[in-house]
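Please examine the sequence and the structure before reading on.

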Amino acid sequence: MCSIRLISSRSINKLTSFSTLINCSPKETLDTKTCIELLKTCKSITQLKQIHAQVIILNFHKRIGILHKLLAFTTDTLQGGDFNYAKKIFTYCHSRTLFMYNVMIKGYVKNGQFKQPLFLFDELRIGGLCPDSFTYPFVFKAIGELKMVKEGEKIHGYVLKSGVWFDNYVGNSVMDMYGLFGCVTSLNKVFDEMTHRDSVAWNILISGFVRCGRYGDAVGVYMKMREKSGVKPDEATIVSTLSACTALKSLELGKEIHRYVVEELGFSVIIGNALVDMYSKCGFLMVARQIFDDMPTKNVICWTSMVSGYVNRGQLDEAGKLFERSPVRDLVLWTTMINGYVQFNRVDDAMNMFRTMQMQRIKPDKYTLVALLTGCAQIGAFEQGEWIRDYMKENKIAITAVVGTALIEMYAKCGCIEKSMEIFDGLKEKDTASWTSIICALAMSGNTKKALELFSQMEQGGFCPDDITFIGVLSACSHGGLVEEGRRYFHSMSRIYGIQPKLEHYGCLIDLLGRAGLLREAEETISMIPKKDNEIIIPIYGALLSACRIYGSVDVGERVAKLLMEIESYDSSTHTLLANTYASAGRWEDVSKVRGTMRDLGVKKSPGCSSIDVNANVYEFIVGH
């Protein structure tokens, strides 16, 4: 009877690759040392399983050194390991060492499985083992990803007591955890308490501030690092700080960082991407393009940044040319172009690009679909919106809260409120945006009662309304003539939810008061608006002037018209509404004066415009054409 054997330890140095298994005499066997040497030179999971089989045959499978090597290889999936196989080996390890726990905790984290490391951490401590500087970093990573703040603070306490706190690797991982929590105060405190701060610590602090939207603080840390720390900023520092510069539109600091890269650090693809993105978003497309053209190696992120820069500036034709030149086009690049076409009302181009994308077998994600549905909503393209929904059904694409919100808005703006309700009711998971979307849809269609019912359900369900939700609620009250309810909801914004009313909210309240004939109260409300942006204040004054015409309130109408004409004297609607207000009061001489003023100023009434969707094509009609 023959048994299986592996190459002997004497032959390891003679062979350049793992030998095939051969039949031989059972006398030829392996010892522990040879098995460990074989595991060190193992190149694939197939080879490892062959070695493991021999280990079991020889009854070496309980030996610690061999188990360590088996777990070290199988948990390292980047080097050809198999984590599921590692879990099976670990299950049969009865005398578990700290090394075994450490590699398994690391393996779970690397594979995106964050709960199991915490069970293993508790188990090893209960078993009398003391976590070390290799245990804590991955435990903190798991806790950070799970957003378990209390647990993180507790284990941070263990670290302070254990003495491993002075290890930079551990200290940096604690900082990273607080950064994932968004706890910038704790993140900064840990950084300040560290006795030695390497570049990783500085980078974690900067990226933590950036992640939490504290861009000014991130820039401040970078400046402190340059001026006082003696630590040289590296690639990670530059990329994070450039993100902050982009958000702050801090072009001067961006240029300074650019000089530092040129003179000291040197370019990389990642730094080039960040510089292109920064200059593009700060409006310096020529500089961005020069950096882009000079880059010897470009990845798809770089192409996307440059295309996005042109899209954001409305240069869609230039963006399209660059898109066609891109050697690799991922989903993000396709979606960037589609979103650009939608943003600038070229919905047909967006739909054509989507069809081309399908022919190239690129599967859309929720952001692509939301962009397309937003475009359909903008122009009331019902049939195209229906086609997208049918596409989702055919391809079994789930309607998430984000996509559902876009569908609700699309159907509502196409006048199909029943379909909006159908989508909303069918959502398995609802968020603030989906609740807000259906409330605004119902308000827009004049269904006041249902809109306010859903707002009440939203509150009872524990969802926190935002400023857009209240625009829908106040609009519903305005359409329904619910003055008391409107006042109550308006004041609850700041008193209950801490939301300061914006111009849009004041506009809704003024419209409500105007419709109810409470013109003086509406006028007083306008005087309470903290910041009067002309773009918003003109429609608000216009709504009140329209109410003055309905109720024949000439005195208020004259005051409002005067204010409007100071802001925008050539707008025909202001003059027309004032003339109609005089007409409703029978003051025909004043009507003639207003029309004379319009002639003198050369003000002409803008023609009416409407559009319809026929066979997936949108047609626009203008009065007099």
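In this predicted model, Tyr136 has a relative accessibility of 2% and is therefore buried, since the cut-off for that class is under 20%. Phe140, with a relative accessible area of 0%, is buried as well. Both residues belong to helix H8 (residues 136-146), where they are four residues apart, about one turn of the helix.

A pair of aromatic rings is described by the distance of the centres and the angle of the planes. The model contains 19 aromatic pairs. In one of them, the ring centres of Tyr136 and Phe140 are 6.0 Å apart and the planes meet at 25°; this angle is under 30 degrees, so the pair counts as stacked. Together with Phe121 and Tyr158, Tyr136 and Phe140 make up one aromatic cluster.

| Charged residue | Ring | Distance to ring centre |
|---|---|---|
| Arg96 | Phe90 | 4.0 Å |
| Lys298 | Phe292 | 5.1 Å |

Phe90 is also among the residues that Leu71 touches, which include Ala86, Ile89 and Met100. Leu71 and Met175 have the most contacts inside the largest nonpolar core, a set of 175 residues. Helix H6 (residues 98-110) supplies the largest share of this core, eight residues.

Residues 299-329 are 74% helix and 0% strand, with end C-alpha atoms 10 Å apart. For residues 330-364, the values are 74% helix, 0% strand and 10 Å between the end C-alpha atoms.

Note on methods: Residues are numbered from 1 along each chain as its sequence is written. This is a predicted model: local features need pLDDT of at least 70, side-chain atom pairs count only at pLDDT 80 or more; totals for chains, interfaces and linings use all residues. Side-chain values use heavy atoms; hydrogens and water are left out. Helices (H or I, at least four residues) and strands (E, at least two) are DSSP runs, numbered from the N terminus. A nonpolar core is a set of buried Ala, Val, Leu, Ile, Met, Phe, Trp, Tyr and Cys residues joined through side-chain atoms within 4.5 Å. Buried means under 20% relative accessible area, exposed over 50%, partly exposed in between (1.4 Å probe, protein chains only). Contact means heavy atoms within 4.5 Å. Rings of Phe, Tyr and Trp (its six-membered ring) pair if their centres lie within 6.5 Å; planes under 30 degrees apart count as stacked, over 60 as edge-to-face and the rest as tilted. A charge sits over a ring if NZ of Lys or CZ of Arg is within 6 Å of the ring centre and within 35 degrees of the ring normal. Lists of a residue's contacts leave out its neighbours within four places in sequence.
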